[in-house]
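I opened this notebook to record what I looked up about aromatic rings and surface patches.

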Amino acid sequence: MSPAHFSGSTSDDRRHRKFWSGLKKKNGKRSYKDLKSHALVGKEPLCAFMNRDHLLADKEEIYLEDLIPYTLLFPRGNAITKKNVLKNAKEKAGIELRLEEIPYSLILHTVYTKDFVGVTPASVFRYVDFPELICKPIKHNGEIFYMLEVYLVTMKQENYKVETEKYIAYEKRLHKDRYI
């Protein structure tokens, strides 16, 4: 989904909406309580992203300290990750970041059109091309600041099949640098 396609006209956007609609309860609200985590399949860096005209876009690396002046746009629905990011910034660097939770599609649109900074897992930019946006891992003291854990997740009442396990093993062999 590129910034020009917020209308849901791309197959990536349709797949994303289909996934989340499958997680909705009967009352229309999503709940992580309805999910079951099966396996840790990898880790990936937390990244900052901004439009190409942003002051941070030309920096070789983005450090935690570079983000202090900004309210970072964070995807709604990731309260645990948000809490951990804030806690790590405070503990590791003594920095109090400002994170504002908004819907993901609104983050992309806002960062694309204005002078804002979004926060996302690296994989978002690995699998989808956003030509007008720059994405860089957030660092502190020369190291990746925060690694997000990626799990295989299904609805509680469902189990994944042997084929899924085989696919995870294949991905791990193919992309050793992305998986633990």
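The entries below go from ring pairs to a surface patch.

I worked from a predicted model, in which local features need pLDDT of at least 70, side-chain atom pairs count only at pLDDT 80 or more, and totals for chains, interfaces and linings use all residues. Residues are numbered from 1 along each chain as its sequence is written, and side-chain values use heavy atoms, with hydrogens and water left out.

Ring pairs. I counted rings of Phe, Tyr and Trp (its six-membered ring) as paired if their centres lie within 6.5 Å, with planes under 30 degrees apart as stacked, over 60 as edge-to-face and the rest as tilted. I found three aromatic pairs by this rule. Phe-125 and Phe-130 make a tilted pair, with 4.9 Å centre to centre and 50° between the planes. I also noted a tilted pair of Phe-145 and Tyr-146, at 6.1 Å centre to centre and 40° between the planes.

Cluster. I see Phe-49, Phe-125 and Phe-130 linked into a cluster by ring pairs.

Burial. I took buried as under 20% relative accessible area, exposed as over 50% and partly exposed as in between (1.4 Å probe, protein chains only). Phe-125 is buried because its relative accessible area is 18%. Phe-130 is buried at 5%. Phe-145 is buried at 2%, and Tyr-146 is buried at 11%.

Patch. I looked up a nonpolar surface patch of about 330 Å², made by Tyr-167, Tyr-170 and Leu-174. Accessible areas come from the Shrake-Rupley method with a 1.4 Å probe. Leu-174 is partly exposed, at 47% relative accessibility.

Terms used:
Patch = residues over 30% accessible without salt bridge, like charges linked within 9 Å, V, L, I, M, F, W, Y side chains within 5 Å. Salt bridge = Lys/Arg side-chain N within 4 Å of Asp/Glu carboxyl O.
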